[in-house]
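Reader: I am new to protein structures and would like to go through this one step by step. Could you show it to me and take my questions as they come?

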Amino acid sequence: QLHLVESGGGLVQPGGSLRLSCVASGTTFNYYLISWFRQAPGKEREGVSCISQSGGSTNYADSVKGRFTISKDNAKGTVHLQMNSLKPEDAGVYYCAASTTATPDAISCLSQYDFGSWGQGTQVTVSS
C-alpha cells in the first residue's frame with residue numbers, strides 16, 4: 001500500500017498562491033492515479049483534481065479550473081498542486097489519495113470511493 005504525506009498548506013490572502021506537495025513511498029508509484037480532495041468545516045469532502053498514472057491526463061473540478069494545476073513526477077514519487085488566485089472558498093484540509101482502479105475522468109477520479117490510500121491532510125486557510 002502506498003504511504004502518502006502532504007505538505008505546503010498554510011495561511012494565504014485572497015488572490016495569493018500556494019503549492020501543495022504529496023510525497024509517496026511504499027510501492028511502485030507509477031501504478032497509481034493520484035487525486036487531491038479537500039474538506040471544509042461542516043462540508044463533505046470534494047474532489048479537486050487528479051492526474052493519471054503516467055501524468056499524461058488531468059482533470060479538475062469546475063470550481064478550480066484555470067486556477068489550479070496538478071503535476072506528477074514518477075521518478076520522485078511526488079505530486080504537486082499549484083493553487084493560484086485563491087479564494088476564501090478554497091479553504092479546507094487538502095488530502096492526496098491514490099488509486100489503481102480510478103480513471104482520469106471527472107466522475108471517477110474526483111469521487112473518493114476508488115481510493116484506498118490517503119494522506120493525513122494539510123490545512124489551507126485563505127483569509128485577509
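Reader: Which pattern do the disulfides of the chain follow, with bonded cysteines counted along the chain?

Author: Happy to start there, and keep in mind that this is a predicted model. A disulfide is a covalent bond between the sulfur atoms of two cysteines. The whole structure has 2 disulfides: one joins cysteine 22 to cysteine 96, and the other is formed by cysteine 50 and cysteine 109. Counting the bonded cysteines along the chain gives the pattern 1-3, 2-4.

Reader: How many residues apart are cysteine 22 and cysteine 96?

Author: Their sulfur atoms are 2.1 Å from each other, S to S. Cysteine 22 belongs to strand β3 (residues 18-25), while cysteine 96 belongs to strand β9 (residues 92-99). The pair therefore links distant parts of the chain, 74 residues apart.

Reader: Is the disulfide of cysteine 50 and cysteine 109 left-handed or right-handed?

Author: In this pair the sulfur atoms are 2.0 Å apart. The torsion about the S-S bond is about -60°. For the link of cysteine 22 and cysteine 96, the angle about the S-S bond is 70° and the link is right-handed. With its torsion of about -60°, the disulfide of cysteine 50 and cysteine 109 is left-handed.

Reader: Is cysteine 109 buried or exposed?

Author: Cysteine 109 lies in helix α1 (residues 106-109), and its partner, cysteine 50, in strand β5 (residues 46-51). Buried means under 20% relative accessible area. Cysteine 109 has a relative accessible area of 0%, so cysteine 109 is buried.

Reader: Why does asparagine 59 count as buried?

Author: Asparagine 59 is in strand β6 (residues 58-60). Leaving out residues up to four places away in sequence, asparagine 59 touches several residues, among them Cys50 and Cys109. The cut-off for buried is under 20% relative accessible area. Asparagine 59 counts as buried because its relative accessibility is 17%.

Reader: Which are the edge strands of the open sheet of 4 strands?

Author: Strands of a sheet pair through backbone hydrogen bonds, either parallel or antiparallel. Here the pairing is antiparallel and the order is β1-β3-β8-β7. An edge strand pairs on one side only, and the edge strands are β1 (3-7) and β7 (68-73).

Reader: What is the bridge partner of phenylalanine 68 in β8?

Author: Nice one to finish on. Strand β7 and strand β8 (residues 78-83) run antiparallel and are joined by 6 bridges. In β8, phenylalanine 68 has as its bridge partner methionine 83.

Technical notes: Residues numbered from 1 in each chain as written. Predicted model: local features only at pLDDT ≥ 70, side-chain atom pairs only at ≥ 80, totals over all residues. Heavy atoms only, no water. Disulfide = S-S within 2.5 Å. Helix = DSSP H or I, 4+ residues; strand = E, 2+ residues; numbered from the N terminus. Buried < 20%, exposed > 50% of the residue type's maximum accessible area, 1.4 Å probe, protein only. Contact = heavy atoms within 4.5 Å. Pairing = 2+ DSSP bridges.
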